Amino acid sequence: MARLIVALAMLAGGASAQLSIDAVNPKVVEAEYAVRGKILDRAGEIERDMAENPDKWPFKEIVRCNIGNPQALGQAPPAFARAVLSQVVLPKSKGSKQVRERADAYRAALRGGVGAYSDSQGVSLVREEVATFISDRDGYDASPDDIFLTDGASAGVRHLTQLLVSGPQDGVLAPAPQYPLYSATTTLFDGTLGSYYLDEAADWAAPVQELKKAYDEVVAKGATPKLLVIINPGNPTGASLPRKSLEAIVRFVEQRPGLVLAADEVYQENVYGDAPPFISFKKIVRDLGSKIPLVSFHSISKGFTGECGLRGGYFELTNIDTAVKAQLTKLASVSLCSNTMGQVAVGLMVNPPTSGPELKAYEKEKKEKLASLERRANKVAAALDALEGVSCVRPQGAMYLFPSITLPDAAVKAAKRSSMAPDAFYALRLLEGTGLVTVPGSGFGQKNGTWHFRTTFLPAEKQIDNVVQKLAGFHESFLAKYGGGGEL
């Protein structure tokens, strides 16, 4: 009995004290992911306080502009996809003939329903649908055998990084600014990160000379660059790269044997106005007859579907040796399979309705959502660009704006006293003054001496004017407090 009491006491409290931060993998402690960082933590604290003290804060709600999470900000889910998913889970639910036929096909392919494991590489039917989508998009054949279905694109990125990076001797080249998934996974696997700087003055272009510089810097550190990450359209920049740039990048990789091109193409549906149209790296590689190793990523979380919580995505292998592919299959097998609802949602993204009223409704829904995103992007960008000391590159794609801000000396000094980066200080004050959650540019990487923040333009169209007014009002009061016109 005494032993039982001691054991229960340890479970109740004593055991927790035996695991300290000193025992944690230092690479986990070192890794940072700014999109869900300290600003968002503070937003949660404020939200909890607002529930108890609703009149304490000068706003009525927290608006999360920090992350590309469309449905959390009011975007409706894709109607046809949800109808099919409902039938997949509950076959007796109502639906049109096309909905029922698609659901029946997925249930048959799942071999036990959504509650059963699928093949580790993913449901064969969905991989066939992905391959057809890629073939139709690029004009070149794609094979289901080269498709891996994943829990969002992020899981595929982790697989690829783990495959190639095992210590400081292995390098990853990623853009700056960049989606911090890449810097975080490089840190977790103890790799060496090399940052190539995008050209803000040229619509956030990716100059090859910057790639060369980053490559040489990684080599100078004693590491071998294994992976080159290109995000197109860009996150956080929203840039859509033209064909000439894509071709130059492929030629750059060709000249460096052993370097793998990782193409993050999750925003391929989100290109606006007269921006360069999206062209996949797969198409460029095939057009050029190149043999470079390429891994391409896509996701249901972006585009106009916005199914972030269903966690569906895929990656395709191009010019990858079968022995290497076998190791990726092993990594996928360790997790058994990606979630089956997400897999079906991938199939519905790449293979939408083909006829009848379903097709008409789908095309209308797609057109309206993308047009609304473009209007919101332009409105927020114009409002930001009009502010004193703020410069915002015209949006070309994705779901974000990444304005540059010039902060007064007094604000920079105040940030230093608070042990914060100046743009983090700005973002925190913006949150506490307006309820708007943004992400400091310092969390994405930026040129020394510059400051930025990332904001989405995802709040509903009826809310955008209010968001813009809050941003403008805060910025004016911030400059009034800390003194406008100061140089960093």
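In the predicted model, Gly115 is exposed, with a relative accessible area of 80%, and its place is in the loop that runs between helix H5 (97-110) and helix H6 (124-138). Arg48 lies 67 residues from Gly115 along the chain, and the C-alpha atoms of the two residues are separated by 35 Å.

In soluble globular proteins, nonpolar side chains tend to be buried together. In the present model, the largest nonpolar core has 64 residues, of which Tyr182, Leu227, Val229, Phe297, Leu384 and Phe478 touch the most other members. When residues up to four places away in sequence are not counted, the contacts of Phe297 include Ala262, Ala263 and Asp264, together with Tyr314 and Phe315; Ala153, Gly156, Val157 and Leu160 are also among the residues that Phe297 touches. Apart from this core lies another, of 33 residues, among them Val208, Leu211, Val218 and Leu294.

Several backbone features fall in the loops. Asn232 and Pro233 are joined by a cis peptide bond with omega of about -10°, and Pro233 is placed in the loop between E5 and H10. A cis peptide bond also joins Asn235 and Pro236, here with omega of about 20°, and Pro236 likewise lies in the loop between E5 and H10. Trp204, although it is not a glycine, has a positive phi of about 60°; this residue is found in the loop between E4 and helix H9 (208-220) and is buried, with a relative accessible area of 5%. Leu336, another residue other than glycine, has a positive phi near 70° and is found in the loop between helix H12 (322-334) and H13, where at 40% relative accessibility it counts as partly exposed.

An open sheet of 3 strands has the order E10-E14-E13, with antiparallel pairing. Strand E10 (400-401) and strand E13 (439-440) stand at its edges, and because each has a single partner strand, one side of each is left without a neighbour in the sheet. E10 and strand E14 (residues 453-456) pair in the antiparallel sense over 2 bridges, with Thr456 in E14 as the bridge partner of Tyr400.

Helix H16 (residues 422-434) contains 13 residues and reaches 18 Å from its first C-alpha to its last, close to the 18 Å expected at 1.5 Å a residue. H16 is mostly covered, since 10 of its 13 residues are buried; these include Phe425, Tyr426, Leu428, Leu430 and Leu431, as well as Asp423 and Thr434. The residue that follows H16 is Gly435, whose phi is positive, near 85°.

With sulfur atoms required to lie within 2.5 Å of each other, the count of disulfides comes to 0. The sulfur of Cys308 is 14 Å from the closest cysteine sulfur, that of Cys65, and is therefore too far for a bond; Cys308 is buried, with a relative accessible area of 13%. Cys392 is likewise in no disulfide, the nearest cysteine sulfur, again that of Cys65, being 13 Å away, and at 9% relative accessibility Cys392 counts as buried.

Key:
Residues numbered from 1 in each chain as written. Heavy atoms only, no water. Helix = DSSP H or I, 4+ residues; strand = E, 2+ residues; numbered from the N terminus. Expected span 1.5 Å × (residues − 1). Buried < 20%, exposed > 50% of the residue type's maximum accessible area, 1.4 Å probe, protein only. Core = buried A, V, L, I, M, F, W, Y, C linked by side-chain atoms within 4.5 Å. Contact = heavy atoms within 4.5 Å. Pairing = 2+ DSSP bridges.
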